[in-house]
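Here are a few exercises to work through with the model open beside you. Try each task before reading its solution.

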Amino acid sequence: MAAARNYVDFVPSHDLLEDAAKQTLVVNLPGFKKEHLRVQIDSYGRLRISGERPLEDGQWSRFRKEFQVSEGCDASGIRARFEKDGVLHVTMPRLTPLEDDPKAAADAAADAEAARHAAAAAEEKRRQEEMEEEDARKRHAGEEDDYASDEGEGARQAASAGRQAYGFARDRSRSGMVRALLLAVAVALVGVAGLYARYRWMDPSAETAPADGAIVGLSDH
């Protein structure tokens, strides 16, 4: 399984140029090549430019920018050209040239200004989302560390309890062995005493003789 890429976010500078026939979005992308880039426009008139390229230290540089195309733009005629100096030109032709419609010129200027504000707002929103994602990743990593610490503490407590239980069982085993030994000795003593009493009862010669020096009474004939 391939290792996940480590990205470094890049924020390219850009400018929007206008003339009577078209608008041209200029994006400065030093270090990027044509094959690193992607230019797209969706059905809502949003122009998305993104790209990523490898860096020398094994990391990857990436960017993403979004612009709102003006209503007077011919979306089907949008073209992108990447120069060798690392500058991307996105040409957006107008449906009606400005010199033929003064009102369209004013509207185009307003649209261009709105596009600048929208691009700045979209960029700020994207950066805020990335910061929130990074904070969430850090919190998740901290929670995983706490969980691992709790598991380690639980394992240590379980091991300590096991050792205590083993010691208690061992002590009980020793105590039981002592009691069994004492019981065996008592049974043996009782058996010996019984044998001795039986022997005295069966052997008349075993009656008690007078102690040395005792007075023996004499009878007259």
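The exercises below concern a predicted model, and each comes with a worked solution.

**Exercise 1. Find the strand order of the open four-stranded sheet, and say which strands stand at its edges.**

Solution. Begin with the order of the strands, which reads 2-3-8-7, with antiparallel pairing. Next, look at the two ends: strand 2 (14-18) and strand 7 (79-82) each have a single partner strand, so one side of each is left without a neighbour in the sheet. To finish, follow the twist, which averages 20 degrees from one strand to the next.

**Exercise 2. Work out how strand 7 pairs with strand 8, and find the bridge partner of Arg81.**

Solution. Strand 8 covers residues 87-93, and its pairing with strand 7 is antiparallel, over four bridges. Now pick out Arg81: its bridge partner in strand 8 is His89.

**Exercise 3. Decide whether Phe10 and Phe63 are buried, partly exposed or exposed.**

Solution. Buried means under 20% relative accessible area. Phe63 has 4%, so it is buried. Phe10 has 22%, so it counts as partly exposed.

**Exercise 4. Which rings have the charged end of an arginine over them?**

Solution. Take Trp60 to start: the charged end of Arg5 sits over its ring, 3.5 Å from the centre. Then turn to Phe32, where the charged end of Arg53 lies over the ring at 5.2 Å from the centre.

**Exercise 5. Describe the largest nonpolar core and the surroundings of Leu29.**

Solution. This core has 16 residues, and those touching the most other members are Leu25, Leu29, Leu47, Ile49, Val90 and Met92. Strand 3 (22-28), strand 5 (46-54), strand 6 and strand 8 each give two or more residues; strand 8 gives the most, with three. Finally, leave aside the neighbours of Leu29 within four places in sequence: its contacts then include Phe10, Phe63, Phe82 and Leu88.

Terms used. Residues are numbered from 1 along each chain as its sequence is written. This is a predicted model: local features need pLDDT of at least 70, side-chain atom pairs count only at pLDDT 80 or more; totals for chains, interfaces and linings use all residues. Side-chain values use heavy atoms; hydrogens and water are left out. Two strands pair if DSSP finds at least two bridges between them. Axes are lines fitted to C-alpha atoms, for helices over the stretch in contact, and angles run from 0 to 180 degrees between N-to-C directions. Buried means under 20% relative accessible area, exposed over 50%, partly exposed in between (1.4 Å probe, protein chains only). A charge sits over a ring if NZ of Lys or CZ of Arg is within 6 Å of the ring centre and within 35 degrees of the ring normal. A nonpolar core is a set of buried Ala, Val, Leu, Ile, Met, Phe, Trp, Tyr and Cys residues joined through side-chain atoms within 4.5 Å. Contact means heavy atoms within 4.5 Å.
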